[in-house]
Amino acid sequence: MAVIGYDWLLIDCGSSNETILSDGITKWRTDQEFINTGKNIPLIPSQNFSSMNTLRFFPDGKKNCYKLPLSSADFKFLFRAGFFYGNYDGLSKPPSFKLEIDGNLWANVTTSMSLDEPVYSELIYMTKKKQTTVCLTRDSNDEVPFISSLEAKSMIEDMYRLMENNTALYLHSRINYGANRSLEQLIGFYEECCNRIWKSKEMTEYLNLSRNFIPYGSSDEENYPPWIVMATAIQAKNVSDSIYLSVNFSLQAAVEAYFVLYFMDPIYRFPSEETSKVEIYIDSQKMDAVDVPNWDNYENNVHNVVSLYPVRVSGSANVTISPANGSTMGPILNAMEVFYVIDAKLSKGGRLQGLSLAISVTLLHLLGILVIFLM
């Protein structure tokens, strides 16, 4: 019997029942056909995430693996693992452990006692075979790994065009600026092509712009953002002001990052005599300049996207969106995605690009000091 390969796989880990979603077709599957180790346990269904009401935990073995049959090899997939501790063991000690994909390090997972928000780990990864293996690995004997959900979704081939085949993109943040949580709930299967989660964020220090009428579906331009995302934005309050955003990477060593910024004025301005053009800086270095299209270009699917890779960062990155010469409007930003870049070339224990380089430089520096000391 041939194994079914999935374009879109939603696994409700630990559940004994499948759940049909609102489109009447897509469903959360049980995990029984994808793994044969671990134990299932239900949680009190008190949160707003139905796929988080059960989990599978792994009290035995150092490494426990899911085997995911997918439709395509050498193709970009979005993988997302969800973890909702819910104090299922009564110990009030949310564990930490490693998450691996095809033998490479995906993430060091630190779970939380939070009852409001699961911990998610997301990766855009080029599959090597039609079967992808996702493993949970112990860091220590007294910390038991668990998982609540596991998702895989094929992506449109030309998305994240600067991503190299030997790398993977580990999500740091994906923010829909100017939007409140009510809009976040409207991004469904017909709006979002590839199962991305866009987190809403209003900012009181800027104007929060939004349209009264938001079209269905997604743009056909770069990365296919939902129109709901392009229909909200933040804008500097004065023409001469800039937008300042800080991205905390929580790492002292230098890493390579991938930034994507989305631009479109969500307000229909008539007559459209005002112009908006912005310059993008990261850590005071000018990276690009771009026009911000007016909403009256919506029917032509016009928006502008700036993709920046590689960007070397250490600790944090300061993103500045400033008005360019000739702009008559304060700068506007609709959304921004930020990724760590992971080296996926290694067969075992892949590392964040730049991290190994920083360690090597440090070792060479120490070696130089030792040589001088011995002379």
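Biologist: Is C194 buried or exposed?
Modeller: In this predicted model, C194 counts as buried, because its relative accessibility is 1%.

Biologist: And C13, buried or exposed?
Modeller: C13 comes out at 0% relative accessibility, so it counts as buried.

Biologist: OK, cysteines then. How many disulfides turn up in the whole structure?
Modeller: A search of the whole structure gives one disulfide. It joins C65 and C135, with the sulfur atoms 2.0 Å apart.

Biologist: Which parts of the chain does that pair link?
Modeller: Distant ones: C65 sits in strand β6 (residues 63-69) and C135 in strand β11 (residues 131-138), 70 residues apart.

Biologist: What's the handedness of the link between C65 and C135?
Modeller: Right-handed, with 105° about the S-S bond.

Biologist: Switching topic. Why is β19 described as largely enclosed?
Modeller: Because 10 of the 10 residues of strand β19 (residues 254-263) are buried, the rest of the structure largely encloses it. Both faces are covered: A254, E256, Y258, V260 and Y262 are buried on one side, and V255, A257, F259, L261 and F263 are buried on the other.

Biologist: Which strand pairs with β19 over nine bridges?
Modeller: That's β22 (residues 304-314), and the pairing is antiparallel. In β22, S314 stands opposite A254. β19 also pairs with β25 (residues 335-343), again in the antiparallel sense, over six bridges. There, A335 is the bridge partner of Y262.

Biologist: Remind me, what do strands of a sheet pair through?
Modeller: Backbone hydrogen bonds, in either a parallel or an antiparallel arrangement.

Biologist: What's the strand order in the open sheet with β4?
Modeller: The order is β4-β5-β12, three strands with antiparallel pairing. β4 (39-42) and β12 (146-147) are the edge strands, each pairing on one side only.

Biologist: How many bridges hold for β4 and β5?
Modeller: Four, between β4 and strand β5 (residues 54-57). I41 stands opposite L55 in β5.

Biologist: Last one: where is N166?
Modeller: N166 lies in the loop between β13 (149-154) and β14 (167-177). With a relative accessible area of 29%, N166 is partly exposed.

Biologist: How far apart are N166 and I342?
Modeller: In sequence they are 176 residues apart, and in space they are 8.8 Å apart, C-alpha to C-alpha.

Note on methods. Residues are numbered from 1 along each chain as its sequence is written. This is a predicted model: local features need pLDDT of at least 70, side-chain atom pairs count only at pLDDT 80 or more; totals for chains, interfaces and linings use all residues. Side-chain values use heavy atoms; hydrogens and water are left out. Two strands pair if DSSP finds at least two bridges between them. Helices (H or I, at least four residues) and strands (E, at least two) are DSSP runs, numbered from the N terminus. A disulfide is a pair of cysteine sulfur atoms within 2.5 Å. Buried means under 20% relative accessible area, exposed over 50%, partly exposed in between (1.4 Å probe, protein chains only).
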